[in-house]
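Biologist: Please show me the structure, and let us go through it in questions and answers.

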Amino acid sequence: MDVEVYYSGQRGGTMPYAALPAFRLFCKQNGFQLKWDLTNKRVDLDLGLKGKVCALFTGISSGATAYEWEVLGNVQKFLSDSGMEVVLSQNNSSLAKNTDVAIRFSLKEMRVLEKPRLIFFQSEDEKRQDLVKCLRTEMQQTGIPCHYKVIKNQKQPSIVHIQLQMPHYTEVSKRKIYAEKIALHLASGVLEYFQNGLHIQPMAFLPPNILKLFYSTMLFTTDKESRQGADEKPLAEEQSTIQESDQPTNEASDSNSETNSVSESEQEELLILAKEELLEQVVTIHPVEEVPEHVELRAAAEVYFDYTLIHSESVEKPYLLIGTLQVKNTGNVELNNPIVCLRVSPVDSIKMGGQVLPPKLVETMAVQGTSGLKGWRYLEDDWFAQAMERGEYWMAPIQPVSIPPQSTEAFQNFQISFMKQEAGKGIVVEGVVLCNDQTVHFSANNRIAVSF
């Protein structure tokens, strides 16, 4: 009997039921979260950091700058792919009490400064020393000198504050380089902190597509290269073998050398085949098959919310809901360029946040990926007025997005804040996704409802 294996909601293949105990130990040792569904004979794997929450705050002394949002926006992108929830905020520092990691990044431009430097404002809170140590190690690799300043009686000891002090007339190109380096190493420091504290292997931070690419590239390429290396025997080694042979003639020696070479080649080939068969027995990957011409094309999708609710004990502080809308293509045709609509109620009690940009800010503030600008944008510049009027937030990906059959795309880490409602009232969020030039639409299977 085989069991189904899913990773982050995506089907990976099957494995023998008898391998389940060993597979559980493997996942536990490497930090993957595993859930065994006995009824449906299904294994669900999740990233090692699912359920962890990281809060990122901009500076508050002189107001948040676009540069601070750019750096922390990139950090959010890096960390979100590892499975954790990442909250990006400006002044709501009370969120730090309910998170696993809280970091403030600020920018200070100085006219008298000649070179940039990073300042760690360090508190005496021992709980954050391990995090500070990991961040120090990584930030030193940016090439920007790091300095440390201890602050006694800090009002918010749970927040690690890092400030970039930069000469006022720094060139735009250098500013961009500094931003990219800081974002990369800041995210790496957070991951190292979780790796050390939770004893999680970095492999458990990788999303399914990267993990699959890693194994398919490293494992099978290595076997192939090993086989080529075995076949290409150095000439000097062959000559040494011939000279040490006890055969009376060169002809006999050449014959034996050829026989030995064939034997070794066959053994190497059998070894490689055995490895491949073993891998196929553990997890059999089923590639997506092309749809035959006689099969009716069908557009279908499962849409559902994953979310985390964070709230403070103080009635003056708002609730924060961090959500992700998952779109899984269950049909046999691609779904292109999804448009997301979130309907909220009551309209006047809810504020929408997260890394969603107005159209006019896309060119200047969107995250630059290897294939162009990335992220999500509102469909209209007056999105806020439209939302207040209709109770609907309309968003679309900045870059073209295609969802192949059996694949999943996610609108990640949208943020909704609201104050505590009167008894008997509540907050409701519903979702709809439109695809293929809005010719097909799918409503979310669940909705977010918070009652008071």
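Biologist: In which loop does Pro346 lie?

Modeller: The model is predicted: local features need pLDDT of at least 70, side-chain atom pairs count only at pLDDT 80 or more, and totals for chains, interfaces and linings use all residues. Residues are numbered from 1 along each chain as its sequence is written, and side-chain values use heavy atoms, with hydrogens and water left out. A cis peptide bond with omega of about -5° joins Ser345 and Pro346. Helices (H or I, at least four residues) and strands (E, at least two) are DSSP runs numbered from the N terminus, and Pro346 lies in the loop between strand E14 (339-345) and strand E15 (350-353).

Biologist: Is Asp437 buried or exposed?

Modeller: Asp437 is in the loop between E23 and E24, and its phi is positive, near 55°, although the residue is not glycine. Buried means under 20% relative accessible area, exposed over 50%, and partly exposed in between (1.4 Å probe, protein chains only). Because its relative accessibility is 73%, Asp437 counts as exposed.

Biologist: Which residues touch the most other members of the largest nonpolar core?

Modeller: A nonpolar core is a set of buried Ala, Val, Leu, Ile, Met, Phe, Trp, Tyr and Cys residues joined through side-chain atoms within 4.5 Å. The largest one has 38 residues, and those touching the most other members are Leu135 and Leu164.

Biologist: Which element gives the largest share of this core?

Modeller: Among the elements that give two or more residues are helix H3 (129-139), strand E10 (160-167) and helix H4 (172-198). The largest share, 9 residues, comes from H4.
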